[in-house]
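Here is a quick walk through a single protein chain, going from the overall fold down to a handful of residues. Have a look at it first, then read on.

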Amino acid sequence: MKSITYTTNDGLTYTRVTKARARKLYNAGIEIGIHPCKLHPASPWTGMPVTISNKSDRAFDAIVNEFEYYTCCSDLGKYASFYAPITK
């Protein structure tokens, strides 16, 4: 897995995490960014990652499966990458 870190316009810094770590953070109530794996999350052409949280009462795996089915392809990447906020 590539080590990718980016900063949003709000000054929040995110780093790429594994799917297992993203699932644990999601279940703990922390917002997670999800993005196709071949795209850089801070690119001006692709937009910022979609944020997901457990406030929607939906299972993490269901959200990821739907995201990968409708968004991921051979051009963008066939699976999702996950980004978690870095706490200071």
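## Ground rules and fold

Helices (H or I, at least four residues) and strands (E, at least two) are DSSP runs here, numbered from the N terminus. On that basis the protein chain has two helices and five strands. Going along the sequence, they come in the order β-β-α-β-β-α-β.

Bear in mind that this is a predicted model: local features need pLDDT of at least 70, side-chain atom pairs count only at pLDDT 80 or more, and totals for chains, interfaces and linings use all residues. Residues are numbered from 1 along each chain as its sequence is written, and side-chain values use heavy atoms, with hydrogens and water left out.

## Overall size and packing

How does the radius of gyration of the protein chain sit against that of a compact globule? For 88 residues the globule value would be near 12 Å, and the protein chain has 12 Å, so the two agree. The radius is taken over C-alpha atoms, and the globule rule is 2.2 Å times the number of residues to the power 0.38. Along its principal axes, the C-alpha trace spans about 30 × 30 × 20 Å.

Contact means heavy atoms within 4.5 Å. Among contacts in the protein chain with a separation of 6 or more, 61% are between residues 24 or more positions apart. For burial, the cut-offs are under 20% relative accessible area for buried, over 50% for exposed, and partly exposed in between (1.4 Å probe, protein chains only).

## Surface and charge

## Cysteines

How many disulfides does a search of the whole structure find? It finds zero, a disulfide being a pair of cysteine sulfur atoms within 2.5 Å. Cys72 is in none, as its nearest cysteine sulfur, on Cys37, is 6.6 Å away. Cys73 is in none either: the nearest cysteine sulfur is that of Cys72, at 7.6 Å.

Cys72 is buried at 11% relative accessible area, whereas Cys73 is partly exposed at 32%.

## Loops and a helix residue

Thr8 sits in the loop between β1 (5–7) and β2 (13–17). Is Thr8 buried or exposed? At 17% relative accessibility, Thr8 counts as buried. Setting aside neighbours within four places in sequence, Thr8 is in contact with Tyr14 and Met48.

Ala28, in the loop between α1 (19–27) and β3 (32–36), is exposed at 58%. Its C-alpha is 9.2 Å from that of Ser53, 25 residues apart along the chain. Glu66, in helix α2 (residues 60–71), is partly exposed at 38%, and the C-alpha atoms of Glu66 and Ala42, 24 residues apart along the chain, are separated by 23 Å.

Asp57 is in the loop between β4 (50–52) and α2. Asp57 has a positive phi of about 60° although it is not a glycine, and it counts as exposed at 72% relative accessibility.
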